[in-house]
Amino acid sequence: MASKTNSPGGSVAFTPATLGPLTLKNRFIKAATFEGRMPRGEVTDDLIDFHVEVARGGAAMTTVAYCAISPGGRVHRDTMVLDGRRAAALRRLTDAVHAHDTLVSAQIGHAGLVANTRSNRTGTLAPSTRFSAPAMGLVRAATTEQLDEVIDDFGAAARNAVDAGFDAIELHLGHGYLLSSFLSPNLNKRTDRYGGDTVRRAELARRVAERVRREAGDAVAVTAKFNMDDGVRGGFWLTDSLPTARLLESDGHLDALELTGGSSLQNPMYYFRGEVPMAEFIASQPAVVGLGLRVIGRRMFRTYPFEEAYFLPLARQFRDALTMPLILLGGVNTMDTVETALGEGFEFVAMARALLRDPGLVNKFRSDAVREGLCVHCTKCMATIYDGTRCVLRPTAAAAV
């Protein structure tokens, strides 16, 4: 367990720590959680208020998610594209968060096989040709020329993030999104420079990290949300993910890895854990989609019992293998978990559902008012992403959307 200090709150969790060129005021980061507050991908007052509430609540940094690098890289039509016009609008958000002595990160990526192409009204990309349920059809393997464009688009998004005033950029290397799918032996069957063994499957992610670092410059932190385990048979697992993490560390372009797992394409509950809110999912969808969920939903959404710090056993493998800063994610709800993680050498913890339930939780931890958050891990927040992501147990949340 982390040692006590004379800092406010009596824990090392409330001491400053460096993340690349940044100094975070404490060790708490609001993890990327699609906010559901950007209709047609536009910056809204509601989106700004969502992150300001987290900033007021005491977190050292909040993460805006998800920012696509291109129209084809959106999850659906209500996903933001981090282009020049949105960058100018996002300056209001970053300024508002900074006013509360909190830093702000932009999560950027390409949805790949997770993209809803009918909603986006444009095609998407995959490492190898295969059927995609979110795309509701076949997605063709990307050409090398298209992948060169993807790398360029990541670079442009990084420049726009800097222009928007973001302090950090988080690359999405997880959950079956495009870069994650290239890492996976289950999804990547290529035989060119981007497919084959572990090193070649990591080539695209490494080139993207290099370009983003170059475009972002030295004043902005660059991190990655990185899958340790896809939770899929034949997918990306420790025998691939550990050596890939070592490659990313040796390249020197990233300031930290935020460790995650699961696949939005093949096994989404692996990174949520808890009961599947199937009734709420069905109610939130159009009738045809809801009917499909009634038929195949239980096969798509497996049930994993919730456990506090459920990714910690996997994350320890990375802490043992790497020297770079690591961010622990997954079921962080108590100060005991935070202090255990910091005591084991993790530099930061990332929280999502706990801060949806109570955005002021970090301040309550700091004042010793509580040692555990109010989240009951019901996962019903998952079904709210279509009309404003929120905890359904917060009485004022529904009125805010």
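Helices (DSSP runs of H or I, at least four residues) and strands (runs of E, at least two) are numbered from the N terminus. The model is a predicted one, in which local features need pLDDT of at least 70 and side-chain atom pairs count only at pLDDT 80 or more, while totals for chains, interfaces and linings use all residues. Residues are numbered from 1 along each chain as its sequence is written, and side-chain values use heavy atoms, with hydrogens and water left out.

View 1. An unreviewed UniProt entry places the feature "domain: NADH:flavin oxidoreductase/NADH oxidase N-terminal" at residues 14-240; UniProt positions are given in the numbering used here, feature names are shortened, and annotations may be inferred rather than shown by experiment. Over this segment the chain is 34% helix and 21% strand, with the end C-alpha atoms 34 Å apart.

**View 2. The packing of helix α4 on helix α7.** The axes of α4 (residues 144-163) and α7 (residues 203-216) come within 8 Å and cross at roughly 35°, where axes are lines fitted to C-alpha atoms, for helices over the stretch in contact, and angles run from 0 to 180 degrees between N-to-C directions. The crossing is right-handed, that is, the near helix is turned clockwise from the far one by less than a right angle. In contact (heavy atoms within 4.5 Å) are residues of α4 including L147, I151, F154 and R159, which meet residues of α7 including L204, R207, V208 and E215. The residues of this contact divide into nine nonpolar, one polar and six charged, with Ala, Val, Leu, Ile, Met, Phe, Trp, Tyr, Cys and Pro counted as nonpolar, Asp, Glu, Lys and Arg as charged, and the others, Gly among them, as polar.

**View 3. The packing of helix α8 on helix α12.** Helix α8 (residues 238-251) and helix α12 (residues 312-321) pack at an angle of about 35°, their axes lying 10 Å apart, and the crossing is right-handed. From α8, L238, S241, L242, A245 and R246 meet L314, Q317, F318 and A321 of α12; six of the contact residues are nonpolar, two polar and one charged.

**View 4. The largest cavity.** A cavity is a set of points, on a 1 Å grid over the protein atoms alone, where a 1.4 Å probe fits but cannot get out, and its lining residues have an atom within 4 Å of a point. The structure holds two cavities of 30 Å³ or more, and the largest contains about 90 Å³ of space, a volume being the space filled by probe spheres set on the points, which are joined across faces, edges and corners. Among its lining residues are R353, R357, C375, C378, K380, C381 and C391, and by class the lining has seven nonpolar, one polar and three charged residues.

View 5. A cis peptide bond, with omega about 0°, joins A65 and Y66, and Y66 is in strand β4 (residues 61-68). H175, in the loop between β9 (168-173) and α5 (178-183), has a positive phi of about 65° although it is not a glycine.

Notes: 1 Å grid on protein atoms, 1.4 Å probe; cavity = no way out; pocket = protein on both sides within 12 Å on 5 of 7 lines; lining within 4 Å.
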